[in-house]
Amino acid sequence: MFRPKALGGALTALATVAAGVFLATAVSTTPAVAAGTGTGYLHTNGNQIVDSTGATVRLTGINWFGMETDNKTFHGLWSNNPWRGQLDTMARLGYNTLRVPYSNDALKPGAAATGINDFVNPDLIGLSPLQILDKVIDYAGSKGMRIILDRHRPTSAGQSPLWYTSTVSEATWINDWKMLAQRYAGNPTVIGADLHNEPHAEGTNPAATGACWGCGDTTRDWRLAAERAGNAILGVQPNWLIFVEGVSCPSGGLSNVWDNDPSNDEDCGWWGGNLSKAGQFPVRLSVANRLVYSPHEYATSVYRQTWFDAPDYPANMPAIWDKYFGYLYKQNIAPIMMGEFGSTLVDPKDTVWLEKLMAYTGTGVTGMSFTYWSWNPNSGDTGGIALDDWTNVNTAKQAILQPYLIAPSGGGPTGGPTTGGPTGGPTTPPPGACTVTYRQVNAWQGGFQGEVTVKNTGTAAVNPWSVTWSWPSGVTLGSGWNATVTQSGTTITAAAPSHAPSLPAGGSVTVGFTANGTASTPATVKLNGASC
């Protein structure tokens, strides 16, 4: 598996409860709602995240990993879909936040990014991992998206139970965070720090050596370490949110059920997923209203926990989620932002799990925030939203997540299909019922990259939509995204993807492409045959 999650020790079954799914409730029945991801920096108010005006914001995001690996930058930059095209798709689907895992290796002076298709992404060649991150942040921000930085690993070699290792000290961990906070100070696209990914147990109780919660040992107590790092970051950038994950076993050690000593046995959960002690031992930050708890939650494709085979599954799941993290939200202690959750959906139980989990987070802007794992198709234990071509999407997963996604401002239409014309066929807008803008993104010797944005200015949806334009003779299509893009002679056709066939009234779609030949502005752009 690309990203294994080993779990050790016995996992004690939880007592079953009455069937039913908890629907998250808001503190106020009539909250102010922010468009997309809101305005300015974010802070917290009870169990909600709010923007600089006090309007409620829900982060509905996705993980794009790779910067924590040997490549030291986003995976999929080797594909035929340019990096901007991938972000375009995420925003259009409704993901308003990007969680970016990194390792401290990627931040070192002289760190080099690898695995980049220089034909598709010529603007990234020669850039450092941080310079590529800068570009992704700038472009995501232009689409109204927010960025959460996630210290995923001390080195690219793998995850660690503690926030430090023999080669990466706590001081390095904190100083790198302070560097990032300073680098992006004044840029509200970057909203916060996920301090360390998946602290977890190591060693067998009572000789525990892993991350504990509330044990008081400064070398192992993750709660105390989160306070030290969080406060150091807030000293540099007081506007950031501080995202704190859980542990796996509060003691920091794995239970030994063979020693016949039940005092050493405890209930353990997912790595980073157990916040059961956070109510008793809360994280204390020097700046008020900055703390967000960020559990992880997975399904059988990662590990077959005992609760998946309980006789009352899935009715037992809300009680489990309540115990590990949901109580913090239900008791109005702090917001929840599930930093990772996902599955291949190969096992039918996992489909039920994802449906119930999303219902548990609640609908609308007051529900729990989340960032799905992952955009990447190359996550061995979960797969991704993107398919192996890094362009098309997994429609089964997207269909479950879609009702809970809140698109970023400028993210484009996210709704499902609507009806067509009177006979159910494609709708055709009247002439002049669309506008077009063109942006040349980049150009190089023998080619260029651009974006055609078409807005439906009519009064009805266009379903399915299709955009055409013409190029001079000699200009040929290299690749396209956000649509099925083909060429016939000098005519280019961008047909709606199956997962987003409708272009609503007032909605817009951006079709990206690379082309060979002299940089040329698309001419005679039409929407379903009507000139724009």
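## A tour of the disulfides and a helix pair

Select cysteine 434 to begin: in this predicted model, cysteine 434 has a relative accessible area of 3%, and because buried means under 20%, it counts as buried.

The structure holds 3 disulfides, and the next stop is the one formed by cysteine 249 and cysteine 268, whose sulfur atoms are 2.1 Å apart. Here the torsion about the S-S bond is about 120°, so the disulfide is right-handed. Both cysteine 249 and cysteine 268 sit in the loop between strand S8 (241–244) and strand S9 (291–293), 19 residues apart, and both are buried.

Move on to cysteine 212 and cysteine 215, joined by a disulfide with an S to S distance of 1.9 Å; cysteine 212 is buried at 0% relative accessible area, whereas cysteine 215 is partly exposed at 36%.

Finally, select helix H3 (residues 170–183) together with helix H4 (residues 222–236), whose axes come within 9 Å and cross at roughly 35°, in a right-handed crossing. Residues making the contact include Trp173 and Trp177 of H3 and Trp222 and Ala229 of H4, and the contact residues divide into 10 nonpolar, 1 polar and 3 charged.

Key:
Residues are numbered from 1 along each chain as its sequence is written. This is a predicted model: local features need pLDDT of at least 70, side-chain atom pairs count only at pLDDT 80 or more; totals for chains, interfaces and linings use all residues. Side-chain values use heavy atoms; hydrogens and water are left out. Axes are lines fitted to C-alpha atoms, for helices over the stretch in contact, and angles run from 0 to 180 degrees between N-to-C directions. Helices (H or I, at least four residues) and strands (E, at least two) are DSSP runs, numbered from the N terminus. A crossing is left-handed if the near helix is turned anticlockwise from the far one by less than a right angle, and right-handed if clockwise. Contact means heavy atoms within 4.5 Å. Ala, Val, Leu, Ile, Met, Phe, Trp, Tyr, Cys and Pro count as nonpolar, Asp, Glu, Lys and Arg as charged, and the others, Gly among them, as polar. A disulfide is a pair of cysteine sulfur atoms within 2.5 Å. Buried means under 20% relative accessible area, exposed over 50%, partly exposed in between (1.4 Å probe, protein chains only).
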